[in-house]
Amino acid sequence: MMTFVRYQAWVMYSVAIASTAIAVLLTLSLAPFLSRTIGAFFYIAILLTTQMGGLTSGLMALLLSTLAIAYCVIPPVYQWSFADSSDYARIGFFILTGLIISLVSDRLRASRDQVEHLNQRLQQETAEQLRMVLAATQVGVWNWDMETGVITWSPEHHQLFGIRPGLFDGRYDTFANCVHPQDKATLLQQVELALQTHSAFHHEYRVVWPDGSIHWIEGRGYGFYNSAGTPTRMVGTVLDISERKIAELSLYEAKATLEGRVQERTKELQRYTAEVEDLYNNAPCGYHSLNAAGELVRINNTILEWLGYRRDEVLNHPFVQFLSPDSASLFEEQFQRFKQQGQLNNLELEMMCKNGTVLPVNLSATAIYDATGNYAMSRSTVFDLRDRRRAETTLQSSQARLAGILDIASDAIISIDAHQRVTLFNQGAETIFGYQADEIIGQPLSVLLPQRFQENHHQQVNRFGATTRAARRMGERSEIWGRRKDGSEFPAEASISQLELNGDRIQTAILRDVSDRRRAEAITAQLAAIVESSDDAIVSKTLNGIVTSWNAGAKRIFGYTAAEMIGQPILRIIPPDQHHQETQILANIRQGKHVQHYETVRQHKDGHLVDVSLTISPMRDAAGTIIGASKIARDITNQRAVDRMKSEFISIVSHELRTPLTAIRGSLGLVGRGVYDSKPEKKHRMIEIAAQQSDRLIRLVNDILDLQRLESGQMKLAKQPCEIAALVHQSAEALQSSAEEQGIHLVVMPLSALVWAAPDAIIQTLTNLIGNGIKFSPPHSTIYISATVLASPAQPEAQAPSSPLSLVRVCVQDQGRGIPSDKLETIFERFQQLDVSDSREKGGTGLGLAICRKIIEQHRGRIWVESRVGEGSWFYFTLPLWHPKEVAQ
C-alpha cells in the first residue's frame, strides 16, 4: 500500500514537472507570434496539475512555473535577476493568480469528489434500504385480472398507500383515486404502452394518503397474454421511494449551489485581472518609465491618447523627442540630477502632440535602483495641465467681471486683512452703512460694529481665520448687528470667506440688511415654532372634518405624515365605533362651544388604539365667522399604563407587606397582653414568629430595592474574568450547613473555565437557586451543581449574546416535587410562587427568581427551567466565556 502511495505521489509530481515543461516550450516557441503571453500556458499547467493531483501537485507546478518564468521569460532571460523592478510585481501577480487557480481548482476537485461520494453513498443507502424492505416484506405486490377487472393487493401494498388492509375494494377507479392528480394520465399511458409493446412496466408516481400526505411510489409490472396476444393479467410490485426522491432533490440543490459558487469565483477572478490591467493603462493620470538613457520603456494608454501616438511609435525612443525645445533642455538638466537624487517633483513641461499641438503637463518621478545601487528605471506620473491653464485664463476674465459686480451689488461687500482693517468697501456697503469708501478703507472693522459686539466679533473672526474652512454661509452665525454712520444699529446676515494671497490671509464678508425681513419673520416663526415643537398633536380642520394642518406631534402620535393627512377627513384616525363623537364635536364647534380635556381613543396608522385627551376650539376668520376647528390631542397612553402598573404594584406589595406585619402584630400583641406569661415555651414561640416575620419583611424590602435598582440601571455590575468553579464552590459551601440540616447532599461537578461576570451577582444567583432546591427537596435527596461549555452560542437552549463568544451553561438540579409546565415561565415573574402556602411554610418573598433573571440578562445570558412533576427541576443559566475582546466591548 505504501509503495502504491509513493508511486502515485511520484506520478503526480511527474505530471507537475511535465506540464510546466510543456508550458515553457509553448511560451518560448510562441513568444515571437503572441504578445503578453506570460502566465497563460503556465496557468493552464497549474490548473491541469491541480485537477489531476490535488493542491500539493498544483503548488509544485506553481513553484516550477514561477522559477521557469523568472529564468526563461522575464528579461534578462536565463538569469535569476530582473531588469525592471516592476517585474517583481508581475511575478507576484502571477504567484497570486496561480495560487488562486490552485485553490479554486482544488476546491472544485474536492467538490467533484464529494459529489461522487454522495452519489455512491446514495446508491449504497438505496440498495441497503431495498434489502431491508425486501427482508421485512415491505414490497407491495399487486395482481390485476383484466378479464374481471379486479385488482388484488398484498397487505404491504395497503400500507404503502396508507390504507388499512382489507379496505381496498379491488376496483381500478379506487386505485386511481389514490394517485396524485398530476400523475394519473402519465401512469395510465405507461401501463398501456407496456401492454401494447409486451414489455415490462416501470414507472414512478405519487400517491396521496387519506391524511393528505404525499408519497413517491416506484411501480413495476409484467403482463400475461392469451394466444391471441390479448392481455389477461398483469402482476407487479410497488415500493416507497420517498426518501430517495428527497435525497435526489437535496443532491440536485447541492450541485446547483456548488456550480453557482464556482461561477461566482471565476467571475471574481476575471474581474480582478481586468481591474489590475485597467488600473495602469486607463488611469486618469499618465504613467511612464524611463531607462538610464532617458528612453521610454513603459507608457500607459492615457499618455498615448493625449499625444495621439501608438505604443510602438514611442517605446524605446528618447523622452525629450516628445518635448518642446525649451522643455527638452530643462528636462535633460533635471534628469541627470534626478538619477542621482532619486526624486523629481512638480516639473512643468510642454509635450508635443502628434498633430503639432502643445500639451502642458506636470511631471513627478521616483527613481528605482538595482541591487548594486545603480539607476535602473523611473516610475513617473504625468498630469494634464490644460484645464488648469484654461482656469487661469478664466480667472483673469472673472477678476475683471468681479470688479464690475462689486460696484453694482446691493449687498455690502467688505474685505479685511490679517489685522482686521478694511481693504475693500463697495457701493452696497456705502449705501447700507452711510460711509464713503475713502472714509472706511484702512480703518478697523470695529468702526462698523456696535460697541457691545466688537470684542466678541474680533475673537470670532480670529477663530475663523485659524480654521481650515474656506467659507461660512449666511445663516450659520446666530446673529450679526451693524452700526451705521449715524449710530443706528441694524440686524444683518453675512457670509464670510478667506483665502491666502501672496502669503497674506484676506477675509471677505457679504453683508445684507435684514431689518424688515426679521420683523416679518419674527411673528410667523414664533407661532410655527410653538406648533412644531409641541409634543402634542396640533391639528386644524374644516367644519366638514377635512384636515387643513398637521404638526410633527400629530405625526408622532398617529403615524401619518402631513402629506398623508392634509386634505383627508379626520375620521381616518377615529375608530369606526367612535365616529358619532366627531359628529357631536363638530356640532358644538358650529355653535361656538369649546371642548376641554375630553378623554377618548384614536386609531394609529398601524391600527393600534391611542388614548388621548382632546381640547378643541372653534377657528374664526377676520369677520368673526367660524370656519373650522383647532384641536390639541395629548397622548395619555403611557400615563394610563403607568397608572395601571402603579395600582398593580401597590396592590401586590401592600398584600406582601400586610401578611408579615399582621403576623408580627398578632404575635407581639399576644405576648404584650400576657396571654402566654404562664407558658414560656409558647411565649418564646410567639417571639420567634415575630422575628421570622421581621426577617421576611426585611428580605422583602431588600429584594424589592435590588429588583428596582436592576430594572432602573442604578445597580452597575462590575464584570471581571472569574473562575466559574470557584463561584460554584463558594455558593455551595455557604449553603452546606442548611443542606445538612435538611438531610440533603450537595454534589458539585466543577468546570475550570473563565467567565466574564460580576462574581458577587453570580454568587447571589447560585445561592438563590441552590437555596430554592434545598427548600423544596425531600430529605436524603441530592442536589447537583454543574457547568458545561456550549460548543456554539447558537445552541437552541441558550440565547446567543451579541458577540460571537462561546457560553458556559450552569445547571442546578434538584429532586424536589417539580414544576407544572404552565408555571415554567411565570415563576420568574414578581411575587410568583407555586403554592400560596410556600411563602408561609418555606419562607421567601417571591422575588428571588425575578432578581436572578435581571442579573443574568445584564450578563447577556439567559435563565430558564426544565422540570418533571414528581421527579425534580433543572435550573439553567448561561454566561459568556471570558475573552480579551470582551473587555474592549
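Let's start with how the chain folds back on itself. Take the contacts between residues at least 6 apart in sequence: 53% of them join residues at least 24 apart. Keep in mind that this is a predicted model.

Now the overall inventory. The chain has 889 residues, and 37% of them are buried. The secondary structure comprises 26 helices and 28 strands. The accessible surface is about 50,600 Å². Carbon and sulfur atoms account for 56% of that surface.

Next, a helix pair. Look at α2, residues 40-53, and α3, residues 55-73. Their axes come within 7 Å. They cross at roughly 160°. Angles over 145 degrees count as roughly antiparallel, so α2 is roughly antiparallel to α3. The crossing of α2 and α3 is right-handed.

Which residues make the contact? From α2 we have Phe42, Ile46, Thr49, Thr50 and Gly53. From α3 we have Leu55, Ser57, Gly58, Ala61, Leu62, Ser65, Ala68, Ile69 and Val73.

On to the loops. I picked two residues.

The first stop is leucine 385. Find it in the loop between β10, residues 375-384, and α11, residues 386-408. Is leucine 385 buried or exposed? Its relative accessibility is 7%. The cut-off for buried is under 20%, so leucine 385 counts as buried. Who is around it? Set aside the neighbours within four places in sequence, and leucine 385 contacts Glu348, Pro360, Val361 and Asn362. Take valine 361 from that list. Leucine 385 and valine 361 are 24 residues apart in sequence, yet their C-alpha atoms are 5.1 Å apart.

The other stop is serine 781. This one sits in the loop between α23, residues 759-776, and β25, residues 782-790. Serine 781 has 4% relative accessibility, so it too counts as buried. What does serine 781 touch, not counting residues up to four places away in sequence? The answer is Gly743, Ile744, His745 and Gln815. There is also a C-alpha distance to note for leucine 746. Serine 781 and leucine 746 are 35 residues apart along the chain, with 8.9 Å between their C-alpha atoms.

To wrap up, two points. Leucine 385 lies in a loop and counts as buried; serine 781 lies in a loop and counts as buried.

Conventions. Residues are numbered from 1 along each chain as its sequence is written. This is a predicted model: local features need pLDDT of at least 70, side-chain atom pairs count only at pLDDT 80 or more; totals for chains, interfaces and linings use all residues. Side-chain values use heavy atoms; hydrogens and water are left out. Axes are lines fitted to C-alpha atoms, for helices over the stretch in contact, and angles run from 0 to 180 degrees between N-to-C directions. Helices (H or I, at least four residues) and strands (E, at least two) are DSSP runs, numbered from the N terminus. Angles under 35 degrees count as roughly parallel, over 145 as roughly antiparallel, 65 to 115 as roughly perpendicular and the rest as oblique. A crossing is left-handed if the near helix is turned anticlockwise from the far one by less than a right angle, and right-handed if clockwise. Contact means heavy atoms within 4.5 Å. Buried means under 20% relative accessible area, exposed over 50%, partly exposed in between (1.4 Å probe, protein chains only). Accessible areas come from the Shrake-Rupley method with a 1.4 Å probe; for residues, only the protein chains shown count as cover.
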